[in-house]
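Please walk me through this structure. I would like to know how its parts are packed together.

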Amino acid sequence: MQTIDWYYIVKHIHARQPDSDKNTYGRVLAVCGCRDYIGAPYFAAQAAVRTGSGIVTLAVPECIYPILAGKLNEPTFLPLPCDAEGKITADSLPSLKRRAAILAGPGLGISEGVSQAVQTIIRGAECPVIVDADGINVLAGHIHVLEEAVYPVVLTPHMHEFSRICDIERTGDAAQDAAAFAQKHHCVLLLKGHRTVVAGPNGTVLQNVHGNPGMAKGGSGDVLSGIILSLLGQKLEPLAAAACGAYIHSRAGDLCANAIGEFGMTPTDMLSYIPRVLKPLNSREW
């Protein structure tokens with residue numbers, strides 16, 4: 001099992017080209033949020049911006065659009081129709097075309113409508129898809145949909161979420177279980193934990209060894225999914241995007257903990273440290 005280190009990052013993420021423009025770095029779509037969960041879309045969208053996406057579009061239920069529009073300057077917005085509970089349905093979804101990558105899940109809540117929406121995204125996307133949080137939870141009982149995906153899918157569950165969707169015989173070894181699931185369903189699985197494991201459909205398994213207890217707060221996973229969304233949009237292969245995302249996320253958390261301490265650090269604080277992790281990849285000193 002390979003350890004994800006800085007050399008792995010340098011191998012897969014390269015300096016930005018002087019003649020590039022915003023289209024070079026991906027038009028990504030994040031389908032997130034519901035009336036009860038407004039923070040998740042914020043964290044995911046800001047993380048994608050901070051990781052270098054060219055254009056981040058945030059699709060959220062129209063009932064929370066005014067709140068997020070007042071908090072976020074960089075992303076563009078697609079307010080979506082929502083049901084009586086403030087959640088999206090399959091009929092709410094915007095066009096899935098002309099996207100470099102799509103994120104589905106953070107803060108969506110759980111309902112049959114959300115489940116149908118996530119399944120529609122997996123089946124209909126014409127680009128890589130990352131599924132996180134409630135997007136994973138609503139796939140319980142519908143995990144077969146992964147086999148209907150035309151483009152790669154990255155799943156980012158923590159252990160409890162993995163237990164809800166897991167349809168393999170568990171061994172208790174996170175690396176073995178993640179690898180078996182990824183191979184069975186032809187996806188990339190990032191299994192979050194003290195030592196996050198990333199497994200690919202070809203049997204490759206990588207492990208992240210960074211991170212700290214200060215990151216164990218609601219919203220931290222949304223930051224991770226936004227980072228991976230951005231890397232997918234910048235055309236990293238799905239396994240590399242997940243592995244690099246785990247490293248960048250954890251190192252941003254470590255820098256944050258060193259600066260302000262584990263107890264009081266928040267996902268909002270972590271966002272500002274993402275660029276510091278990536279700064280050594282600058283094309284030059286300006």
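The model is a predicted one. A loop between strand E4 (76–80) and E5 holds Lys87. Is this lysine buried or exposed? Its relative accessibility is 8%, so Lys87 counts as buried, the cut-off being under 20%. The side chain of Lys87 makes a polar contact of 3.4 Å with that of Glu85. Beyond residues up to four places away in sequence, Lys87 touches Cys34, Cys82, Leu108, Gly109, Ile110, Ser111 and Val114.

Helix H2 covers residues 39–51, 13 residues in total. From first C-alpha to last it reaches 18 Å, close to the 18 Å expected at 1.5 Å a residue. H2 is largely enclosed by the rest of the structure, because 10 of its 13 residues are buried. Among them are Pro41, Tyr42, Phe43, Ala45 and Thr51. The elements that cover the buried residues of H2 include strand E3 (55–61), helix H3 (65–69), strand E5 (101–104) and helix H8 (220–233). Just after the helix, Gly52 has a positive phi of about 115 degrees.

In soluble globular proteins, nonpolar side chains tend to be buried together. Here the largest nonpolar core has 57 residues, and Leu58 and Ile274 touch the most other members. Helix H9 (residues 238–260) gives the most to this core, with 12 residues. Apart from its neighbours within four places in sequence, Leu58 is in contact with residues including Pro41, Ala45, Leu68, Leu72 and Phe77. Of these, Pro41 and Ala45 are also listed among the buried residues of H2. A second, separate core has 42 residues, including Leu93, Ile121, Val131 and Ile136.

Conventions
Residues are numbered from 1 along each chain as its sequence is written. This is a predicted model: local features need pLDDT of at least 70, side-chain atom pairs count only at pLDDT 80 or more; totals for chains, interfaces and linings use all residues. Side-chain values use heavy atoms; hydrogens and water are left out. Helices (H or I, at least four residues) and strands (E, at least two) are DSSP runs, numbered from the N terminus. The expected span of a helix is 1.5 Å times one less than its number of residues. Buried means under 20% relative accessible area, exposed over 50%, partly exposed in between (1.4 Å probe, protein chains only). Contact means heavy atoms within 4.5 Å. A polar contact is a pair of N or O atoms within 3.5 Å; within protein, one must be able to donate a hydrogen and the other to accept it, and residues adjacent in sequence count only if both atoms are side-chain atoms. A nonpolar core is a set of buried Ala, Val, Leu, Ile, Met, Phe, Trp, Tyr and Cys residues joined through side-chain atoms within 4.5 Å.
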